[in-house]
Amino acid sequence: MKKLLSTVALVAMMTSPVLAAEKVLHVFNWSDYIAEDTIKKFTAKTGIKVTYDVYDSNEVLEAKMLAGSSGFDVVVPTADFLQRQIAAGVYAKLDKSKLPNLKNMDPDLMKALGNFDKGNEHAVIYMWGTTGIGYNTKAIAKRLGDKAPTDSWALVFDPANAAKLKDCGITLLDAPTEIIPAAMNYLGLDPRSTKKADLEKGAALLTKIRPFVRYFHSSQYISDLANGDICLSVGWSGDVFQARDRAGEAKKGVEIGYSIPKQGALQWFDTMAIPVDSKNKDAAHTFINFVMDAQITADITNYVWYANGNKASLPMVEQEIKDDPGIFPTDEVKDKLWGAKVYAKKTDRIITRLWTKIKTGK
Ligand code: SPD
């Protein structure tokens, strides 16, 4: 009788909706940000199935996290957004005993992440990169000549240049906390300034080039650059390299360059974290630990062209990637990079208002 009861209980447990839900891990990551076979390998190794959804904006992720009950078990916030979200209590503390591959992480980068997540309690670094300029070398040279300032924000933020590129297509990330500071940097202002007047000056410059901008979007530009449908994107390093790669494979004569402007650029870190209301925290830890495997991270970097935070993976990262200063900037360039500012609500509201005005052109 006892045996029968336990069998009945077991069957009931296996068919209960709660446990059925626990068999699938829900991962929410940036688009174009994982190797083709990472999820397949994870399921093959652990038996844990994954539903994998993508986004292309920290604001979208933040809205879901703050609303709660997102259903996601692993998400990938950028460090500045992570800090705000930790303060709002949306992430669980990591159980480091379940993350033996933490030993693979670069201690210097994890220390830098500690500025956003004290003691690295809630997150580990996934990938990192810069926000710079992706451009079609031939289309730019045709319109601005061989001396086009491809090493400078002037390429896009000088309205005279932007006007000449209107026909071939300029795009900007739909990322206000990155584009407004970049414009401020070009103007010689502190890109991390939270002074309303400085933010307004950056916005005023963007309003001047607005008539020459084809669209604001944070993922469409990869294929558009690769196909030659646009000629300049202010975009994320690895995404531009993916566009370059795709253009090379298409063999239609499109050549793409990536520039970290000489004035400086934003350096950001994307991290993996577990929402506090995740129903699958064990599996989420298993996933994060799996990704921190040196070979798995190297495979991702080799596929998405982003630098990672995993020191042990570096011997397996392709030499071409390690040698590219657009992906691993030189020390001289690094000195010009700035870290993301964590904005207070008040500043955030100012930025959102300015951004709406810039985008609508009003
Ligand atoms: N296609 C993946 C892009 C990842 C970009 N991460 C966001 C960085 C924000 N500063």
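A residue counts as near a molecule or strand if one of its heavy atoms lies within 4 Å of it.

## Ligand surroundings

In this predicted model, the ligand is surrounded by Trp 30, Ser 31, Asp 32, Tyr 33, Asn 58, Thr 78, Glu 178, Trp 236, Asp 239, Trp 268, Asp 270 and Tyr 306. Polar contacts are pairs of N or O atoms within 3.5 Å; within protein, one atom must be able to donate a hydrogen and the other to accept it, and residues adjacent in sequence count only if both atoms are side-chain atoms.

Ser 31 has a backbone N or O atom 2.6 Å from a nitrogen atom of the ligand. Glu 178 places a polar side-chain atom 2.7 Å from a nitrogen atom of the ligand. For Asp 270, an N or O atom in the side chain is 2.6 Å from a ligand nitrogen atom.

## Basis of the values

Local features need pLDDT of at least 70 and side-chain atom pairs count only at pLDDT 80 or more, while totals for chains, interfaces and linings use all residues. Residues are numbered from 1 along each chain as its sequence is written, and side-chain values use heavy atoms, with hydrogens and water left out.

## Two domains

Domain 1 covers 2-128 + 270-328, and domain 2 covers 130-267 + 338-360; these bounds come from an automatic or database domain assignment. The domain centres, taken over C-alpha atoms, are 29 Å apart. Domain 1 gives 20 residues to the contact and domain 2 gives 24, where contact means heavy atoms within 4.5 Å.

The size of an interface is often given as the accessible area lost when the parts come together. Between domain 1 and domain 2, about 1,800 Å² is buried, and carbon and sulfur atoms give 50% of this area. Buried area is the accessible area (1.4 Å probe) that two parts lose on being put together, summed over both.

## Salt bridges

Side chains of opposite charge can pair when their charged atoms come close. A salt bridge is a side-chain nitrogen of Lys or Arg within 4 Å of a carboxyl oxygen of Asp or Glu. The whole structure has 14 salt bridges, and the count between domain 1 and domain 2 is 4.

Which residue meets Asp 32 in a salt bridge? The partner is Arg 246, at 3.3 Å from N to O. This pair links distant parts of the chain, 214 residues apart: Asp 32 is in the loop between strand E1 (24-30) and helix H3 (38-46), and Arg 246 is in helix H13 (residues 237-250). Helices (H or I, at least four residues) and strands (E, at least two) are DSSP runs, numbered from the N terminus.
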